[in-house]
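Please walk me through this structure.

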Amino acid sequence: MKKYFFKSFEKVIKKKKGVYMKIGFLGLGKMGYNIALNAIDNNFEVIGYDVDENVRKKASKDFKIANSIDELIEKLDDVKFILLSLPAGKITDDMIFLLKEKLSKDDIVIDTGNTNYKKTLEHYEILKEKNIGFLDCGTSGGMSGARNGACLMVGGEKKYYDQVKDFFEAISCEDGLLYTGPAGSGHYLKMIHNGIEYGMMQAIGEGFAVLEASEFDYDYEDVSKVWNHGSVIRSWLIELAQEGFAKDPKLDSHSGVINANGECKWTVEEALRLDVPVPVISNSLFVRNTSKINVDDNFSNKVVAQLRNGFGGHDLVKKDK
């Protein structure tokens, strides 16, 4: 029987000099892989697993890899800390049920994906049946944030958060960590964040579309640069716009198809439940839906697609030559 784990995370286990402890990473995609590298930079020992053998092979050059979930769990310490970086939906749902069977009392699961907060509450209750700790971690900042310092919004029981607070502080950027309260609150906050993100990108895309339709011949890389120095709308998104236009001045290489991952839809549904009007956020979602039906060279849509590629590595739909 394990002792209940209330000690400071920093004092947990230091089998190697300078190493805080081991953390198991399930899912080594764009975000999981970069968070793992970030953790290693901050003296955490990482053991990773991904269902894709090629992904495991690539990651094995940077940190220890397990070839099964059982092997990963076996390689962890007595109190096991597992971080999930998996697609929202059935894959994460199934993993929660699997971990319930394989983990023990006082182990902790951290979900850094974009799970719907309602599902997050279900996952919390499932693991609580066995007294397994669960934290929902809304993660923002894209791949570069995951690698160099993310923005983290963490919900869950405070006693579990306190055990891994040092880890969150280590992998987040300055002032980029917030404990949000009970289970579900982290993913809820990230859901609203993503709805706002949709609206901001839509406004940027529409602004450039008006410029493109005007009689003036602007260099959009220069426009983005000047807007990002002292203007009211300066932001990382404008910086990404500048980088995108530097590579492709008129965005001729890709279409205006914009994919969506679901978070904005959940934000709109929540707004409807609460009777809160969100016309900008909802319209930005409808624009994305329309972009898949009427595939054309809509410049606004192309800008938004380029921005998504910039921060999240989301694939651009290339134009047929």
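This is a predicted model: local features need pLDDT of at least 70, side-chain atom pairs count only at pLDDT 80 or more; totals for chains, interfaces and linings use all residues.

Residues are numbered from 1 along each chain as its sequence is written, and side-chain values use heavy atoms, with hydrogens and water left out.

Start with the charges. Side chains of opposite charge can pair when their charged atoms come close. Here a salt bridge means a side-chain nitrogen of Lys or Arg within 4 Å of a carboxyl oxygen of Asp or Glu. The whole structure holds 14 salt bridges. One of them joins D41 to R147, with the closest N and O atoms 2.6 Å apart. D41 belongs to helix α1 (residues 30-41) and R147 to helix α6 (residues 142-148), so this pair ties together parts 106 residues apart in sequence. Helices are DSSP runs of H or I with at least four residues, strands are runs of E with at least two, and both are numbered from the N terminus. R147 is partly exposed, at 24% relative accessible area. On this scale, buried means under 20%, exposed means over 50%, and partly exposed lies in between (1.4 Å probe, protein chains only).

A second salt bridge stays within one helix. D94 and K90 meet at 2.6 Å, N to O. They sit 4 residues apart in helix α4 (residues 90-102), about one helical turn. D94 is partly exposed at 38%, whereas K90 is exposed at 59%.

Now look at D93. Its side chain meets that of K119 in a salt bridge of 3.6 Å, N to O. This pair links distant parts of the chain: D93 is in helix α4 and K119 in helix α5 (residues 117-128), 26 residues apart. D93 is buried at 15%, while K119 is partly exposed at 33%. E122 joins these two residues in a network of salt bridges.

Turn to the aromatic rings. A pair of rings is described by the distance of the centres and the angle of the planes. Rings of Phe, Tyr and Trp (its six-membered ring) pair if their centres lie within 6.5 Å; planes under 30 degrees apart are stacked, over 60 edge-to-face, and the rest tilted. The search finds 14 aromatic pairs. Among them, Y117 and Y188 are edge-to-face, 4.8 Å centre to centre with 85 degrees between the planes. Y117 lies in helix α5 and Y188 in helix α8 (residues 185-213), 71 residues apart. Y117 is buried at 13%. Elsewhere, F44, Y161, F167, F168 and Y179 form one aromatic cluster.

Charges also sit over rings. The rule asks for NZ of Lys or CZ of Arg within 6 Å of the ring centre and within 35 degrees of the ring normal. K58 sits over the ring of Y33, 5.3 Å from its centre. R288 lies over the face of Y198, at 3.5 Å from the ring centre.

The side chain of D136 has a polar atom 2.8 Å from the backbone nitrogen of G186. It also reaches the backbone nitrogen of H187 at 2.9 Å.

Key:
A polar contact is a pair of N or O atoms within 3.5 Å; within protein, one must be able to donate a hydrogen and the other to accept it, and residues adjacent in sequence count only if both atoms are side-chain atoms.
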